[in-house]
Amino acid sequence: MRKDSFDYIIAGGGLAGLSLAFYLNESEHLRGKKVLIIDRDAKRRNDRTWCFWEREPGAFEETVFRRWPTVRFHGAQGFSASLDLGPYSYKMIRAADFYRFVLEKIAANRNFTFLQSEIVSAENGTVNTAAGEFEARELVFESFTRKSYDDPRYRNLFQHFRGWVIETGGAAFDPNEPTLFDFRVAQMNECRFVYILPFSASRALVEFTIFSDNLPDKSVYEENLRSYIENVLGQKNYEILETETGLIPMSDEPHVEFPDAKTIRIGTAGGYVKPSTGYSFTRTQNRLQKLVGKLENPQNQRPKTKDRRPNVWKSYLDSVLLDVLLTKKHAADEVFTALFSKNPAALVLKFLDEETSPAEDLRIMKSVPLPAFSRAALETALKNLRRK
């Protein structure tokens with residue numbers, strides 16, 4: 001059977017796939033490439049929300065739905081504060097706005113094609129779909145592979161959540177300040193909190209989130225959401241307008257970014273998610289912009305594994321936090337409360353972006369419960385040595 005061929009195939013049109021398509025289209029050297037983007041969804045639904053922090057306007061600034069200079073934190077032992085993020089802004093992008101923005105951009109380039117179809121496999125430059133087979137003359141960028149994250153040699157958690165966009169009968173939210181963490185929910189020996197993104201005084205996304213290695217029944221999320229809205233927010237009458245669910249890996253298990261000579265995995269499949277937080281938007285943009293920069297070099301048609309060396313120290317710190325959470329060495333709400341109550345919020349965000357100096361790392365490390373983190377640091381180091 002004849003295969004339609006393209007220079008590049010983007011197998012998976014989510015955040016990573018469409019961001020890559022955007023950067024390829026923006027590149028003077030690469031916008032002439034023949035590119036096929038494949039996804040099983042038409043990318044019209046508002047199926048998720050991305051939040052992140054930035055100092056300056058980013059590539060997708062036009063799609064930012066809300067931005068805030070401060071966030072609210074409700075922690076353990078009654079700690080509650082409004083945290084100034086300066087010089088950062090906390091930003092929210094709705095998926096529907098992001099999809100529309102990128103698809104309109106690439107629709108103006110006749111070299112780009114979007115195909116709605118189920119992807120069956122991608123190997124050695126051939127992508128097999130329900131609509132037929134397609135061949136990449138140069139590279140396939142694949143983001144649909146999902147690991148099971150069950151290798152016992154590593155620390156594997158998940159960030160899983162269910163959220164409702166609700167409309168209340170009266171003012172219930174401060175539209176000028178989202179709630180990054182609200183630990184005023186039963187912890188159940190896990191890390192559990194509520195996250196609020198306010199759109200107005202009476203409308204917000206209220207999300208119940210758990211960091212754990214097991215997934216409860218849907219009823220657990222909904223019972224906690226109802227309890228929080230009624231008992232903490234004091235809202236007995238409200239309307240659920242939208243529902244959002246998610247499952248994000250928090251794992252130090254390595255990812256295979258280059259499974260064969262013509263495939264590069266991107267997004268979650270490529271290990272773009274920050275292991276200790278589950279945040280991925282900024283890391284995805286940074287990684288893809290660097291990838292496109294390498295592709296613009298004619299002598300570098302396929303970036304090699306050696307092009308990206310992980311920061312061993314920062315990865316180790318991720319593993320230590322994962323170990324504390326996974327093995328329950330210390331109550332999670334107290335860990336995060338210590339982190340945000342003893343450090344400027346901007347420093348914590350800089351640390352999470354892996355931009356802190358060794359001295360700043362030391363300050364962060366000294367602010368968390370030292371006995372638990374010292375044990376986790378030692379056990380993590382020993383575990384890492386045994387794998388070598």
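Residues are numbered from 1 along each chain as its sequence is written, and side-chain values use heavy atoms, with hydrogens and water left out. Because the model is predicted, local features need pLDDT of at least 70 and side-chain atom pairs count only at pLDDT 80 or more, while totals for chains, interfaces and linings use all residues.

Side chains of opposite charge can pair when their charged atoms come close. With a salt bridge taken as a side-chain nitrogen of Lys or Arg within 4 Å of a carboxyl oxygen of Asp or Glu, the count comes to 30 salt bridges. One of these joins Glu 61 and Lys 91, with an N to O distance of 2.8 Å. Helices (H or I, at least four residues) and strands (E, at least two) are DSSP runs, numbered from the N terminus. Glu 61 is in the loop between β3 (49-54) and β4 (64-68), and Lys 91 is in strand β7 (residues 89-94), 30 residues apart. Relative accessible area under 20% is termed buried, over 50% exposed, and in between partly exposed (1.4 Å probe, protein chains only). Lys 91 is buried, at 3% relative accessibility.

A salt bridge also forms between Glu 167 and Arg 203, whose closest N and O atoms are 2.6 Å apart. This pair links strand β12 (residues 156-168) to strand β15 (residues 203-212). Glu 167 is partly exposed at 22%, as is Arg 203 at 34%.

In the salt bridge between Glu 379 and Lys 329, the closest N and O atoms are 2.8 Å apart. Glu 379 belongs to helix α9 (residues 370-387) and Lys 329 to the loop between α5 (312-327) and α6 (332-341), so the pair ties together parts 50 residues apart in sequence. Lys 329 is buried at 16%, whereas Glu 379 is partly exposed at 37%.
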